[in-house]
Amino acid sequence: LIHSCGLEYMDIYTEVQSPDPAELINSPFGGRYCGPIPPRRRISLYRAIALSFFTTKNSVSPDLFAGRYQFMNECEEIP
């Protein structure tokens with residue numbers, strides 16, 4: 001089954017240097033994801049990450065998008 005990302009998707013920006021929404025325009029696009037295949041692990045070097053969710057549904061349920069995140073100390077090794 002091929003997912004076209006037309007109905008629901010999530011965009012990721014991991015190189016956001018500032019939490020200011022205007023900075024998103026200057027940030028490299030990290031990828032668009034949809035369907036059952038999750039994105040690879042992302043690590044922000046600037047202490048900011050932006051996730052943008054899109055759906056064509058008129059109502060949104062809590063199970064439409066799912067994910068998890070973890071805070072790391074800067075001295076932790078990346079697994």
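Strands, and helices where present, are DSSP runs numbered from the N terminus, with at least two residues (E) for a strand and at least four (H or I) for a helix. This is a predicted model, in which local features need pLDDT of at least 70 and side-chain atom pairs count only at pLDDT 80 or more, while totals for chains, interfaces and linings use all residues. Residues are numbered from 1 along each chain as its sequence is written, and side-chain values use heavy atoms, with hydrogens and water left out.

**View 1. The protein chain as a whole.** The protein chain has zero helices and three strands, in the order β-β-β along the sequence. Its accessible surface is about 6,900 Å², and carbon and sulfur atoms account for 54% of that area; accessible areas come from the Shrake-Rupley method with a 1.4 Å probe, and for residues only the protein chains shown count as cover. Of its 79 residues, 19% are buried. Buried means under 20% relative accessible area, exposed means over 50%, and partly exposed lies in between (1.4 Å probe, protein chains only). A contact requires heavy atoms within 4.5 Å. Among contacts between residues at least 6 apart in sequence, 64% join residues at least 24 apart.

**View 2. Strand S1 and its two partners.** Strand S1 covers residues 8-13, and five of its six residues are buried, so S1 is largely enclosed by the rest of the structure. Two strands pair if DSSP finds at least two bridges between them. S1 pairs with strand S3 (residues 50-55) in the antiparallel sense over six bridges, and with strand S2 (residues 31-33), also antiparallel, over three bridges. Methionine 10 stands opposite phenylalanine 53 in S3 and opposite tyrosine 33 in S2. In a regular strand, side chains alternate between the two faces of the sheet.

**View 3. Aspartate 11 and arginine 32.** Aspartate 11 belongs to strand S1 and is buried, because its relative accessible area is 6%. Its side chain makes a polar contact of 2.7 Å with the side chain of arginine 32. A polar contact is a pair of N or O atoms within 3.5 Å; within protein, one must be able to donate a hydrogen and the other to accept it, and residues adjacent in sequence count only if both atoms are side-chain atoms. Beyond four places in sequence, aspartate 11 is in contact with Phe29, Gly31, Arg32, Ala50, Leu51 and Ser52.

**View 4. Tyrosine 13 and threonine 14.** Tyrosine 13 is in strand S1, whereas threonine 14 lies in the loop between S1 and S2. Tyrosine 13 has 16% relative accessibility and so counts as buried. Threonine 14 is buried at 9%. Leaving aside neighbours within four places in sequence, tyrosine 13 is in contact with Leu24, Ser27, Pro28, Phe29, Gly30, Ile49 and Ala50. With residues up to four places away likewise not counted, threonine 14 touches Arg42, Ser44, Ala48 and Ile49.

View 5. Ile43, Leu45, Tyr46 and Met72 make a nonpolar surface patch of about 380 Å². Patches are made of residues with over 30% relative accessible area and no salt bridge, joining like charges within 9 Å and nonpolar side chains (Val, Leu, Ile, Met, Phe, Trp, Tyr) within 5 Å. A salt bridge is a side-chain nitrogen of Lys or Arg within 4 Å of a carboxyl oxygen of Asp or Glu. Tyrosine 46 lies in the loop between S2 and S3 and counts as partly exposed, at 38% relative accessibility.
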